[in-house]
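Welcome! Have a look at the model below, and then let us walk through it together.

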Amino acid sequence: MNTNWENHQNEGIKIVINAKMYKPETDNRLLIPFIDEKKGFGDSEKMGLLDKNGEVILPAEYDVILDDCYHPDDFIRVGKFVYSKSSQKMRVRYHIINASGELLLAQMYDWVCVSDDKKYIIIRDYTNYTTDGYAMFDIEGKEIVPLGKYQRLEFFDRGDRKSTRLNSS
């Protein structure tokens, strides 16, 4: 029987359930997102991450958790809503964390991406008009390409090798 649930699974929709109904033994993720209703209600609810034992790995301080964590070498993008004075709109700024809940980069950025080989991080930041653009870091957080040197920086696949394309400003 084809149900809407199958469509939701294909679309990547995630279901939030009450902890009383949750069965950790059937969940293969290492880190499980949770909402702490005591931190807010409705639009102000905050999210965090628990490990398989129910221990808080990342406190409920974030508005967005984009990725699932199934392996110890996975990375998770977590974001907060911030108000942009220049556009007069709310937008999301991201941190990236490892499976232990440690921040890989101290600063939040407008966009964050990890390479498929999990060795590099590309960020985009356009809050500072003098140095907006892209930057690249190794997975330890060491800067490889400084912010603003290129206006476009991305990973792409060329068959048997991964490459990075750079566009000058």
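## Overall layout

The protein chain contains one helix and 11 strands. Both kinds of element are DSSP runs numbered from the N terminus, with helices being H or I of at least four residues and strands E of at least two. Read from the N terminus, the order is α-β-β-β-β-β-β-β-β-β-β-β.

This is a predicted model, in which local features need pLDDT of at least 70 and side-chain atom pairs count only at pLDDT 80 or more, while totals for chains, interfaces and linings use all residues. Residues are numbered from 1 along each chain as its sequence is written, and side-chain values use heavy atoms, leaving out hydrogens and water.

## Confidence

The predictor's confidence in each residue, pLDDT, runs from 0 to 100. Its mean over the protein chain is 80, and 75% of the residues reach 70 or more. Over residues 157-163 the pLDDT is below 50, and this stretch has eight contacts in the model beyond near neighbours in sequence. A contact here means heavy atoms within 4.5 Å.

Of the 169 residues in the protein chain, 34% are buried. Buried means under 20% relative accessible area, exposed over 50%, and partly exposed in between (1.4 Å probe, protein chains only). The accessible surface of the protein chain is about 11,300 Å², and carbon and sulfur atoms hold 49% of that. These areas come from the Shrake-Rupley method with a 1.4 Å probe, and for residues only the protein chains shown count as cover.

## Two aromatic pairs

How many aromatic pairs does the structure hold? There are two. Rings of Phe, Tyr and Trp (its six-membered ring) pair if their centres lie within 6.5 Å; planes under 30 degrees apart count as stacked, over 60 as edge-to-face and the rest as tilted.

The rings of Tyr109 and Phe137 are tilted, because their planes meet at 45 degrees, with the centres 6.4 Å apart. This pair links distant parts of the chain, 28 residues apart: Tyr109 sits in the loop between β6 and β7 (111-114), and Phe137 in strand β9 (residues 133-138). Tyr109 is buried at 8% relative accessible area, and Phe137 is buried at 9%.

Trp111 and Tyr134 make an edge-to-face pair, with 6.0 Å from centre to centre and 75 degrees between the planes. Trp111 is in strand β7 and Tyr134 in strand β9, so this pair ties together parts 23 residues apart in sequence. Trp111 is partly exposed at 35% relative accessibility, whereas Tyr134 is buried at 6%.
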